[in-house]
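Dear colleague,

Please find below the structure that I am handing over to you.

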Amino acid sequence: MRIPESGRALGTRTPEPGNVAGGPLRTQHLLGFLALAILLSTGCQPPTPSTEVVELTEGWEFSRADRAPGPGAPGELIDTLSTWLPATVPGTVHTDLLANGLIPDPFWRDRELTLQWVGEEDWVYRTTFQASPQLLESEVVELVFHGLDTFAEVRLNGLTILEADNMFRSWTVEVKDDLVSGENSLEVHFGSPLPPALDARAALPYELPAGNDRGDPPSRVFVRKAAYHYGWDWGPRLVTSGIWRPVELLAWSGARVADLHLTTDSISDDRAFLTATVELRVSREEADRRAAGGGVPAIVTLASPDGAFEPVLHEAILDPGLNQFEVPIQIPDPQRWWPNGLGEPHLYTAQAIVKAGRRIDTLTTRFGLRTLELVTEPDSVGESFFFRVNEVPVFMKGANVIPLDHFSPRVTEEDYRELFQDVVGANMNMLRVWGGGIYEEDRFYDLADEHGILIWQDFMFANGMYPGDSLFLANVRAEATYQVRRLRGHPSLALWCGNNEMDEGWRNWGWARNYDTPVDSAAVRDAYEAIFHDILPGVVAVEDPNRRYWPSSPSLGWGDPESLNRGDSHYWGVWHGQEPFQIFAEKLPRFSSEFGFQAFPPMETIVAFTDAADRSLFDPTLLVHQKHPIGNELITSYMGRDYPTPKAFEDFVYVSQLLQARGMRTAFVAHRRARPRTMGTLYWQLNDTWPVVSWSSRDYFGRWKALHYAARNAFAPLLLSPTLRGDALEVWGVSDLTRPVEGTLYLELLDFDGTLLWQLPLPTDLPPNQSQLLWEESATSILGDADSRRVVLVAELVETGDQAPGHSSLLYFHPPKELELGVPTIRFEITTGEEGTILTLEADVLAKNVYLTLEGTHFSDNFFDLLPHRPRTVRLETDLTPDQAEARLEIRTLAEIPQEGVDYDSSADRTDRPLP
Ligand code: BMA
């Protein structure tokens, strides 16, 4: 007997392993162990899989479509573009043009500006594929597009079978009758998603606001397509078209499992009660065959390959079309899914199997056991806003994530893995998938599940107002239904949020007053109400009733004092409002879902997209990679407040990162100290879609800015936060741990030469999950005769019985530019051993913001202050030998930055040298 290993037919093409867009889906059809058991126990002929999936990734070509010439493609390219050129699916037209050598890299220098024609053209993609007689014998054959970007007319063997108009939906067409045995042709025509092509589709008597769309007229809100493609204040305007997610033929007969979804009803330490909902589809042919018997007899089995629960077998009579079953499940001794930092994010596996006649089909999915509520209840401040997970109020630490590449189909599985490593590496437990980007790949949410990273999920609407005609609203409803059903099984999913900054824009940015008549204004608002207060919450209530829906982030604008008392907040008083960083300690929201400050990416990244001549602050080419209209001016002005302003561009880049980290740390620690009033701190923004000056902490290439290190430090489960409030010197302890901490708080006052001026060991208890003032004294009395410009307070918490150094934090009594820093001599050595490559550094005087650079190397720590005569070790992820690394390592510190107006020759004074 031959036992099939997989429900996927032999000969099925599998996607490139590295390409997530074409990667494995969350749920896969496979014949698992239980199917095998049933199969063996029947003792007769093995069942055949009912479903065959054929991925259509091969043989694609593309060409410019012939339509009335607009400004369009440059004349010299027209002939070449009108031939058939090789294409990659999933992909985008820009990446295909690039691969064919027809356009320069859109990220190189100012090339973005020369490539606007690509979005103005229509494009055609085509391929051929073989339909085997076996495939054609299937009772149902469907063509499934998991993502078409965006206005697509699909022709199969010359016949139009689909007109698609939403990048965020999947499209399924029954094609059995349109297929021929042997070769079939498939063509996808993409219409330009820009005016004037778009105008016929979106004729409204008034304008709709569409923030950041750099088109004239702006048009993105009429198109269900990623908003950031049209330009954003951190991204290029490169308006794509293409088959951006996989295409497959799904052939099946008899009955198949269409969906398996588990919801948790209750969990105690002994037992969890769940409901599994299984959706089955039965072909008309199968039903007709069995009509005499009054339906299709089938055995439906629910099982757990990892043994979480006993298999449940169910004899059923199925109807043609959709059948739904609810199966109660009990899991003894349940292991809960915990967010990062609180425990293991345990995942279970469940499998639904349907056997009808000789055919069998299975669907496997993962699930996690946890309870999660967003608690918004009246309290002494106003109204709470916090997440309670498995009965524990959890302080959320994290960031807003945007697509990992402007051309998102080229993001690889490895890229996603590295992102999540860096998210966990920075002690985060939540990411917000922001509404101007994309509903992420399945792989993204799988990794979030595996790493215990909760997801605040926006629907894809941002910074504009959208149309309200019935076709548009129906399109939105279909999109939401598809996405909610696709993602609802992930334990990481914490919240559905309607949109980004739209209610705020309407109320506070003048949008409501932009209209000639109150009637027009009311019509625009009505469309908003329909989408965000009717359709989206309605879809969530039906498809994912246990998850909370929140209409708009933020719920109130940052100028409204009430925004600090209830709801979530985007506090942009810093940066957009030009307020000082210290304001973060005063404006304490209930949940901070956005706030940020820009910095330059590391020099290695700048070098990757510029020529040497471009590398100055206000160079026009460089400014193409700075999308905020006054971004560099703002960085410079804030820098002047706290830091010496460097002469050299390279030094400016470094200090811009210190500045960003300093500002954001001010917010992180203030938010954490303020728990339980404040219960979340998600900064803007985690990553970049291309190499750019932006608010990100991790750049396009995955390099950490100083901010990413600062986030890791400030998000540590146990945080010490020394702070000055007037003359009051306070030391706060914040614990996100669920166990009490007992230990000793060591306080020291050191001068920059390393002389200990004062010290205090203090027995300290820190209760679980709390912020507490541990110690308070007058700064004047602690400083005594010391020069406050030459001293640092070192606070360290060492847990009783712990040998390892504890969490430590430093406090200076002045901003960096007022400190009297001497130029340090830093001695170092690099060794390899069991722990990898280790760098040990030691300085003779305080070395402020030690910045290590070494080609292709990631440092476990960087930008840190090296205390005098206190050696410190840093782990290196590098391909270099210790000797090579020692020879090439560069070290920069704040004291060595040549400043504006200071006559300083850095080359003469560099003091870094290896330890003898
Ligand atoms: C936020 C975001 C984005 C924007 C950022 C910086 O509010 O929602 O719209 O990129 O501000 O301006």
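The notes that follow concern the ligand site and the aromatic pairs.

This is a predicted model, in which local features need pLDDT of at least 70 and side-chain atom pairs count only at pLDDT 80 or more, while totals for chains, interfaces and linings use all residues. Residues are numbered from 1 along each chain as its sequence is written, and side-chain values use heavy atoms, with hydrogens and water left out.

Oxygen atoms of the ligand make polar contacts (N or O atoms within 3.5 Å) with side chains: the distance is 2.4 Å for E594, 2.8 Å for H576 and 3.1 Å for W232. The protein covers 97% of the 300 Å² of accessible area that the ligand has on its own (Shrake-Rupley method, 1.4 Å probe).

The structure also holds 54 aromatic pairs (Phe, Tyr or six-membered Trp rings with centres within 6.5 Å; planes under 30 degrees apart are stacked, over 60 edge-to-face, the rest tilted). One of them joins Y125 and F190 edge-to-face, at 5.9 Å centre to centre and 85 degrees between the planes. Because Y125 lies in strand β5 and F190 in strand β10, this pair ties together parts that are 65 residues apart in sequence (strands are DSSP runs of E, at least two residues). Y125 is buried, at 1% relative accessible area, and F190 is buried at 1% (buried means under 20%, 1.4 Å probe, protein chains only).

Yours sincerely

Definitions and conventions
Polar contact = N/O pair within 3.5 Å; in protein donor to acceptor, adjacent residues only side chain to side chain. Helix = DSSP H or I, 4+ residues; strand = E, 2+ residues; numbered from the N terminus. Buried < 20%, exposed > 50% of the residue type's maximum accessible area, 1.4 Å probe, protein only.
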